[in-house]
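Read the following with the sequence and the coordinates side by side.

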Amino acid sequence: MLTLALAKSQETEETITYTQCTDGYEWDPVRQQCKDIDECDIVPDACKGGMKCVNHYGGYLCLPKTAQIIVNNEQPQQETPATSEAVGAAANAAATAGGPGRGVTATGMAASGVVPRGGFVASAAAVAGPEMQSGRNNFVIRRNPADPQRIPSNPTHRIQCATGYEQSEHNVCQDIDECTAGTHNCRADQVCINLRGSFTCQCPPGYQSRGEQCVDIDECRTSSYLCQYQCVNEPGKFSCMCPQGYQVMRSRTCQDINECETTNECREDEMCWNYHGGFRCYPRNPCQDPYILTSENRCVCPVSNAVCRELPQSIVYKYMSIRSDRSVPSDIFQIQATTIYANTINTFRIKSGNENGEFYLRQTSPVSAMLVLVKTLSGPREYIVDLEMLTVNSLGTFRTSSVLRLTIIVGPFAF
């Protein structure tokens, strides 16, 4: 960077501004200093012949792809001050060392100079190893690697910074954080946001500007899809609530609480059945005379009892829960024979509990059928549906039936 000389007199001290950079650098108006140009990024095909481009401060190098790059971060030795013309002469001397169009092959060769009155160190050195090429007439002028980002601090130099910036101890212009310094003029109901060279005043999240004040945004009125059940507006925010029997999940959705795994009021002789939004207690032994309990939820009518000849041989009790307003048609339950006899035919039907035609039983195989929901159900409500399987042999000499008593609990909500 070209440095304008600081003129001193007994009466005044002139403030100078760095506005012109040397070749390979460009002026950064924000940081108020020269910054390096990455030629490898902006120059198309900067290196030829399979060479790789390596950016330098103020220039670039073309090196073999197998070359190793060693950065020397040692502080350079003090040299006799030289003018910028001396630096240029050293550069020209090094540039002609390899001849026109040829790379520098010398080892340890370097040229350097110091710009007086706070200038930067300019140096050029050949890297030991295979032949290399460099941009800008085979010579690179670069900042000292030990201090690549700033102009050396000198208390006698003053720089002129734009509004919103101040001079740092390293003689560069840095942003003033008015928000931290407390020099902003934001109102008490606003928050200060620092910007480069300035600041802005905004309303806090959840508030909007209305005239000369920040007012709360009622998010619940802006959209009906924020919460699955109920939206509650609060100062600067909103929250979601769920009905009894549910808990809030991921701040917005409702999930059923399984009371059967936590707390319930079922007796010892009762079983707890959880459904969407609640629970119910059912007897562990649902059998009614003349049926007797043979296994869990299975009741059998003894063949020795004459009354059983006109009754289903067995009744199996099952329970299920569905949400309100479930889409229809929808397959909800499958019934299947547990015992298969040879030369018999099975038929399935809804024996009771379908007076309003909410269900339909579709036979899916000779030994199974699917219960289909064909009308939308709203809860909370309980349906008890008896599904009967009638078995007869091909000669018509044998006939028996069994019932699956399905209790369907419809939850109060669609979630």
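Both faces of strand 4 are covered: Gly 59, Leu 61 and Leu 63 on one side, and Tyr 60 and Cys 62 on the other, are all buried. Buried means under 20% relative accessible area, exposed means over 50%, and partly exposed lies in between, with a 1.4 Å probe and protein chains only. In a regular strand the side chains alternate between the two faces of the sheet. Strand 4 spans residues 59-63, and five of its five residues are buried. Helices (H or I, at least four residues) and strands (E, at least two) are DSSP runs, numbered from the N terminus.

This is a predicted model, in which local features need pLDDT of at least 70 and side-chain atom pairs count only at pLDDT 80 or more, while totals for chains, interfaces and linings use all residues. Residues are numbered from 1 along each chain as its sequence is written, and side-chain values use heavy atoms, with hydrogens and water left out.

The partner of strand 4 is strand 3 (residues 52-56), and the two pair in the antiparallel sense over five bridges; two strands pair if DSSP finds at least two bridges between them. Within this pairing, Asn 55 stands opposite Tyr 60 of strand 4. The hairpin of strand 3 and strand 4 has two residues between the strands, and Gly 58 takes a positive phi near 90 degrees there.

What does Cys 62 form with Cys 47? The two form a disulfide, with sulfur atoms 1.9 Å apart; the criterion is a pair of cysteine sulfur atoms within 2.5 Å. The torsion about the S-S bond of Cys 47 and Cys 62 is about -85 degrees, so this disulfide is left-handed. The pair links distant parts of the chain, 15 residues apart: Cys 47 sits in the loop between helix 1 (39-42) and strand 3, and Cys 62 in strand 4. Cys 47 is buried at a relative accessible area of 14%, and Cys 62 is buried at 3%.

The structure holds 14 disulfides. Another of them joins Cys 227 and Cys 240, with sulfur atoms 1.9 Å apart, and is left-handed, with -75 degrees about the S-S bond. It links distant parts of the chain, 13 residues apart: Cys 227 in the loop between helix 5 and strand 14, and Cys 240 in strand 15 (residues 237-241). Cys 227 is buried at 11% relative accessible area, and Cys 240 is buried at 10%.

Cys 266 and Cys 281 also form a disulfide, their sulfur atoms 1.9 Å apart. Their link is left-handed, with -90 degrees about the S-S bond. Cys 266 lies in the loop between strand 17 (253-256) and strand 18 (270-275) and Cys 281 in strand 19 (residues 278-283), so the pair ties together parts that are 15 residues apart in sequence. Cys 266 is buried at 17%, whereas Cys 281 is partly exposed at 27% relative accessibility.

The loop between helix 5 (219-222) and strand 14 (230-234) also holds Tyr 229. Rings of Phe, Tyr and Trp (its six-membered ring) pair if their centres lie within 6.5 Å; planes under 30 degrees apart count as stacked, over 60 as edge-to-face and the rest as tilted. By this rule the count comes to eight aromatic pairs. Tyr 229 is partly exposed at 38%, and Phe 415 is buried at 14%. Tyr 246 and Phe 415 form an edge-to-face pair too, at 5.0 Å and 70 degrees. Tyr 246 lies in strand 16 (residues 246-249), so its pair with Phe 415 ties together parts 169 residues apart in sequence. Tyr 229, Tyr 246, Phe 413 and Phe 415 form one aromatic cluster.

The largest nonpolar core has 22 residues, and those with the most contacts inside it are Ile 332, Phe 333, Phe 359, Leu 371, Leu 387 and Ile 408. A nonpolar core is a set of buried Ala, Val, Leu, Ile, Met, Phe, Trp, Tyr and Cys residues joined through side-chain atoms within 4.5 Å. Apart from this core lies another, of 13 residues, among them Tyr 282, Tyr 291, Cys 301 and Cys 308.

The protein chain averages a pLDDT (the predictor's confidence in each residue, from 0 to 100) of 78, and 73% of the residues score at least 70. Over residues 72-153 pLDDT stays under 50. Where pLDDT is low, the predicted coordinates should not be read in detail.

Definitions and conventions: Contact means heavy atoms within 4.5 Å.
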